Amino acid sequence: MTTSLVDVNEDAVQTVHTPDDEATLSEFVSRILEVAKSGGATAAEVTAGDDIGLDVKMREGDIDTVEFSRDRGFDITVYRGKRRGNASTTDTREDAIQEAVNSALAIAEHTEEDSFSGLADPDLLAVDFPDLDLYRCDPMDVEQLKEAAQTAESTALDFDEKIYQSDGARASVSSNCVAYGNSLGFLHAYRSSSSSLYADVIAKSSNGMQRAAWFTMGRQRSELDTPEFVGTKAAEHAIRKLDPRPIPTGEYPVLFDQTVAMGLILHILNALSGRPQYLRSTYLLDSLEKQVTSTEVSLKEYPFIPGAMGSRAYDSEGVATSEKYIVENGVAKNYLLSSYSGRKLGMQSTGNASGVCNLTVETQTLPLPDVLKQMDRGLVVTSLMGQGVNILTGDYSRGASGYWVENGEYAHAVDELTIAAKLDDMYKNMVAFGDDVETRRNIRTGSILISNMTVAAL
């Protein structure tokens, strides 16, 4: 008879995690580390997760799907000296643990030695674990989720006769428990939760149809926008996209709407990450203490904001996170480094093996109508298509759609455009920032105005 090392009560559906789950998952990680050590690993690290979720999707007033999920598993990395092997599984039985560890050890046996591999520097591991208030799990109540999704959808459908149909509204809640441990003695577990609501509608006119969506998310339902707000925003965006008109190819100011501005910030974070730096595959190579954006802009991490979606005390290697500038007044101050990329560059990990923590664009902001007035005539981008971003050369060219602005006011919708520029020019020519900052995501920014880009009709 095989036994599972993560106990599950088969007679009841578990919908929340408790401190007992943290303890159980920590014991589970400790057991896997013991198996790895006994199998000959000189070092090892394990991440184990237990995720519970409920998702309700409505379409045209009826329930489309109700999905309850329970996903468990672990990922193990072992080292034989400087040889590394990795394996993962969703099976938590004793024999599955042994099999995963053996697979990782076998892989390590046949890989090349890498002098930069290994666990994090012990001196950088987190020792303080503040209560970040990440767990505020809502009840997993189908009726509550159904009502929220139904209200969002009906609000959108009733907003205007131009709303042709719904493509669905979805409400969800999740409860997560994660534990990480390594053979250096680090072991910690924590719980987190999230709730979200999403609505997707189609508007129709004599010139065709347009789709738009809106969503909201947070640690718990009370932090979300109301269902009425979500439905209204989805409908407004769909209607505004109707009847697009052509514009002449030219050089214009381009405003990246709040919904796509986060992607713009991600590109510079990628260019300042460790892997592109040590591979010498970034246009911002060796850019520390050099100007990389407008001097009016700072990018700073805040890992310890209570309840925020990007808050954490340590990264995926156990390295302590810290409040720090990535860019300060336009000047690059830190790369985003894991232990491996740090060693490749002769530097220490910055605690960013899992990415950034509540990365905030710090600058003077303006109400969006004032940003449009400053823009006067140009393009507001609300949707981007394609993968035309080259971090090595800094070339940026993507398909886009959105709205045309004349005299600081929305004039009409536009689509099937291409916008192009050099990333370096774009970041150094960020000239205005909207106060429509979304604080419930891991990258916190409002709309961003670029003074000049090439806009071409397809």
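R31 and E34 are about one helical turn apart, because they sit 3 residues from each other in helix α1 (residues 19-38). Helices (H or I, at least four residues) and strands (E, at least two) are DSSP runs, numbered from the N terminus. R31 forms a salt bridge with E34, with the closest N and O atoms 3.9 Å apart. A salt bridge here is a side-chain nitrogen of Lys or Arg within 4 Å of a carboxyl oxygen of Asp or Glu. The whole structure holds 23 of these salt bridges.

The model is predicted: local features need pLDDT of at least 70, side-chain atom pairs count only at pLDDT 80 or more, and totals for chains, interfaces and linings use all residues. Residues are numbered from 1 along each chain as its sequence is written, and side-chain values use heavy atoms, with hydrogens and water left out.

Now the domains. An automatic or database assignment sets the bounds. The protein chain is divided into domain 1 (8-233) and domain 2 (250-456). Their centres, taken over C-alpha atoms, are 26 Å apart. Domain 1 brings 35 residues to the contact and domain 2 brings 27 residues; contact means heavy atoms within 4.5 Å.

How much area do domain 1 and domain 2 bury between them? The figure is about 2300 Å², 57% of it on carbon and sulfur atoms. Buried area is the accessible area (1.4 Å probe) that two parts lose on being put together, summed over both. F116, L124 and L132 supply 29% of the area that domain 1 buries against domain 2, more than any other three residues.

The rule finds 1 salt bridge across it. D225 forms a salt bridge with R440, the closest N and O atoms being 3.0 Å apart.

On the side of domain 1 that touches domain 2, the elements giving two or more residues are β4 (163-182), β5 (187-205) and β6 (208-218). β6 gives the most, with 6 residues.

The structure holds 11 aromatic pairs. Rings of Phe, Tyr and Trp (its six-membered ring) pair if their centres lie within 6.5 Å; planes under 30 degrees apart count as stacked, over 60 as edge-to-face and the rest as tilted. The F129 and F186 rings have centres 5.9 Å apart and planes at 65 degrees, so this pair is edge-to-face. The pair links distant parts of the chain, 57 residues apart. F129 is in the loop between α2 (94-110) and α3 (142-159), and F186 is in the loop between β4 and β5.
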